[in-house]
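Grab a pencil and let's work through a few exercises together. Try each task yourself before you read the solution.

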Amino acid sequence: MAKKRKRNGKNDRSNNRVKENNTEFRKAMKAGQLIRYASRHLIAKASLPSLSKINRMQSVLMRIIKTDGISDRGSREVSKGDLSLFRGFDIN
C-alpha cells in the first residue's frame with residue numbers, strides 16, 4: 001500500500017516553479033522550431049544541422065526569454081526579450 005505524501009506550501013511552490021520553467025522551455029523550443037523551419041532551405045544548403053547546433057540555438061533562446069522584463073515568470077516570451085543576443089550567432 002502506497003503512502004500518501006502530505007502537501008505543504010514548499011512543495012506547492014516548487015511545483016509551480018517547475019511548471020513555470022517547463023512553460024518557458026516549451027516556448028523556447030517552439031521558437032527554435034519556427035526558426036529552423038523558416039530557414040530550412042538555407043540550412044539544407046549549408047549542411048545538416050547537428051544536435052549541438054540546435055542545442056546552442058536553444059541556449060540562446062532561453063537566455064532571450066530570461067531577458068523579458070515585461071512578463072511574469074512562466075509567461076515570458078522570446079518576442080519580448082532582448083533579440084540582440086542572436087547577433088553574431090552562427091548556425092553553421
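Predicted model: local features only at pLDDT ≥ 70, side-chain atom pairs only at ≥ 80, totals over all residues.

**Exercise 1. Work out the fold pattern.**

*Solution.* Start with the count: the chain has three helices and zero strands. Now walk along the sequence, and you get the pattern α-α-α.

**Exercise 2. Describe the chain as a whole.**
Find how much of the chain is buried, how much surface it exposes, and how far apart in sequence its contacts reach.

*Solution.* First, burial: of the 92 residues in the chain, 22% are buried.

**Exercise 3. Take the largest nonpolar core apart.**
List its members, then say which helices supply them.

*Solution.* Step one is the list: the core has nine residues, namely Ala28, Ala31, Met57, Val60, Leu61, Met62, Ile64, Ile65 and Val78. Step two is to sort them by element: α1 (9–38) and α3 (51–66) are the elements that give two or more residues each. Step three is to pick the top contributor, and that's α3, with six residues.

Now zoom in on one member. Which residues does Leu61 contact, leaving aside neighbours within four places in sequence? The partners are Ala28, Ala31, Gly32, Ile35, Val78 and Phe86. Ala28, Ala31 and Val78 are on the core list too.

**Exercise 4. Compare two neighbours.**
Decide for Ile70 and Ser71: buried or exposed?

Then check the cut-offs: under 20% relative accessible area is buried, over 50% is exposed. Ser71 comes out at 15%, so it's buried. Ile70 comes out at 69%, so it counts as exposed.

Finally, look at what's around each one. The side chain of Ser71 makes a polar contact of 3.0 Å with the side chain of Asp68. Skip residues up to four places away in sequence, and Ser71 touches Arg76 and Lys80. As for Ile70, its C-alpha atom lies 8.6 Å from that of Gly81, a residue 11 positions away along the chain.

How values were computed. Residues numbered from 1 in each chain as written. Heavy atoms only, no water. Core = buried A, V, L, I, M, F, W, Y, C linked by side-chain atoms within 4.5 Å. Buried < 20%, exposed > 50% of the residue type's maximum accessible area, 1.4 Å probe, protein only. Helix = DSSP H or I, 4+ residues; strand = E, 2+ residues; numbered from the N terminus. Contact = heavy atoms within 4.5 Å. Polar contact = N/O pair within 3.5 Å; in protein donor to acceptor, adjacent residues only side chain to side chain.
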